[in-house]
Structures are given as structure tokens and as C-alpha cells.
Amino acid sequence: MRLFVLLPLLAACGVDSVGANGELGNMTFGLISDWYLDQTDLTEVGIVTGHAQGFLVSLTEKGQRLTDEDADAIEYAMAPADGVTISQSAPDDDEQVEHTDPPALALSVTEPGDYTLSARLNGVVVDHIQLRFERPAALDLALFVRAPWTEEFERLESGAAPTEVREGTQLAWLPIPMGADGTRLVGDVTASMSAAPEEVVVPADNVTHVNEDEVYDGVEVPSLYFIEPGDVTVSLTDLPNVAVGAQMFTVTE
């Protein structure tokens, strides 16, 4: 059975967010979410393991006074450090550029647990914050369908019972990571889609532009079409965390 890789959706399209000030009150940290969350405080929500998470980082007024014009030289660290990957933007050497913003930050953590993220400038801690990372136990699926020759997508209710759709219908989806206690986690998730039997569906190729030489396409927003009548189960799997979500469909002529 083939697996089709799904890319995480763009953070700019998020519908919710969580954030918190560091414990020293000099910096603010946040994450944007494509699904609605049960918490608003970053320190109280579980963050998905196994995927790079891009954080929003900014200075408070107090932090701006502290760092002056050296904010882009801030360096990030995590403790414990095992299984942690940190990516941050490098300082700009252009003397004409203002250096008042902290570097962009992305974190990837392989093991669940409590971590301390710290920001240092010239070896001195500017701020730190406690973060909790969790491995998703399952994926809840937000499903949207567009009937043949219509323009709008409609939200479907996911569940154990098969959902009836017409042949030619397009399906779009959003995997929502769920913690072991049933609460929603925050963070980008890259899942893989499979279908059984797979001949009932075909992955959509999202054409963005055509000229006389070639066709330009993109897969930022993955989807599929139901092309044959019959019963089919569509499954999405978060491979690093082995979390799965599935939905049964009955395709009618």
C-alpha cells in the first residue's frame, strides 16, 4: 500500500495560538495552531514531539531595554539536551540593519517530558520558560468535502460509522494530535495517508500554474478524490509518534 506524504499547513493560516512570558519577564514565546486548543497558556499545553516546531519569539518592553541593540545575538538552549534539535536564524552582519529582534526559533524534541528553554546573550540568561512535550496517542481528523462541480467545501463529522460521499467528491483533511488524556496538543504534524482499498481514491495534484512548457503544482494542502464506488478506509499516520486517525467512507455513483 502506497503512502502519500502530507506537509504541515502554513502557520499563517492558523485559527488559534498559545503564548506565555518567560519567567524573568523579558521575552514572550508562542505557537500558532491550525486547530482550536483547550489552553491559552503555552506552559500548560502539550507540544507535539518528533516534528520541528516554529516558535514566535519577541521581547517585552523590559527585555528591549535589557538587550538594547544586541537582541539578534541571543542564543537558545534546552535542558535536558538529549534528542533536542535547535534551529535559529543567524545575526545579520549588515551595519545598516537594526539588531533589536531576537532570532527566529524552531525546536524538535524526540522524547516526551518537561524541558527548560533558555535564551542567553553573551553568556547571560535573558529569560527561560518551562515547556512540556508530549507524544500524541491518536489523531483526530477534521474532514472537509467538496461535491463534484461545486465550489465550496463542507465540514464532515468524523466517527466510527461510514460516511457516504458521491463519486468524484474531493476530500481535504487536518490531523489533530490528541494527548493520552484526550486533550488537544499544539504543534505542526506531518502525517502520511493510506487508503484501503486504494483504487477507490486518487491523491489530488494541486495545479498552481500552467504555461506551454510545463505544469506547476504544489502539495502544501493535500487532498484526494473518490473515483470508484465502494467502501474505503482512509487512514492518517504520524510516523515519528505512531499515532493514527482513520475514517470509513461509502462512495456512491
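## Salt bridges and a buried glutamine

With a relative accessible area of 45%, Glu111 is partly exposed; this class lies between buried, under 20% relative accessible area, and exposed, over 50% (1.4 Å probe, protein chains only). The model is predicted, so local features need pLDDT of at least 70 and side-chain atom pairs count only at pLDDT 80 or more, while totals for chains, interfaces and linings use all residues. Residues are numbered from 1 along each chain as its sequence is written, and side-chain values use heavy atoms, with hydrogens and water left out.

A salt bridge is a side-chain nitrogen of Lys or Arg within 4 Å of a carboxyl oxygen of Asp or Glu. By this rule there are 2 salt bridges.

| Salt bridge | N to O distance |
|---|---|
| Glu111 and Arg135 | 3.8 Å |
| Glu134 and Arg132 | 3.0 Å |

Glu111 lies in the loop between strands S8 (105–109) and S9 (113–121), and Arg135 in the loop between strands S10 (124–134) and S11 (138–146), so the pair ties together parts that are 24 residues apart in sequence. Strands are DSSP runs (E, at least two residues), numbered from the N terminus. Arg135 is partly exposed at 34% relative accessibility. In the other pair, Glu134 counts as buried at 17%, whereas Arg132 is partly exposed at 27%.

Gln247 belongs to strand S21 (residues 243–252) and is buried, at 2% relative accessibility. Its side chain makes a polar contact with the side chain of Thr163 at 3.2 Å. Beyond neighbours within four places in sequence, Gln247 is in contact with residues including Leu141, Ser158 and Val232, where contact means heavy atoms within 4.5 Å. A polar contact is a pair of N or O atoms within 3.5 Å; within protein, one must be able to donate a hydrogen and the other to accept it, and residues adjacent in sequence count only if both atoms are side-chain atoms.

Terms used
Helices (H or I, at least four residues) and strands (E, at least two) are DSSP runs, numbered from the N terminus.
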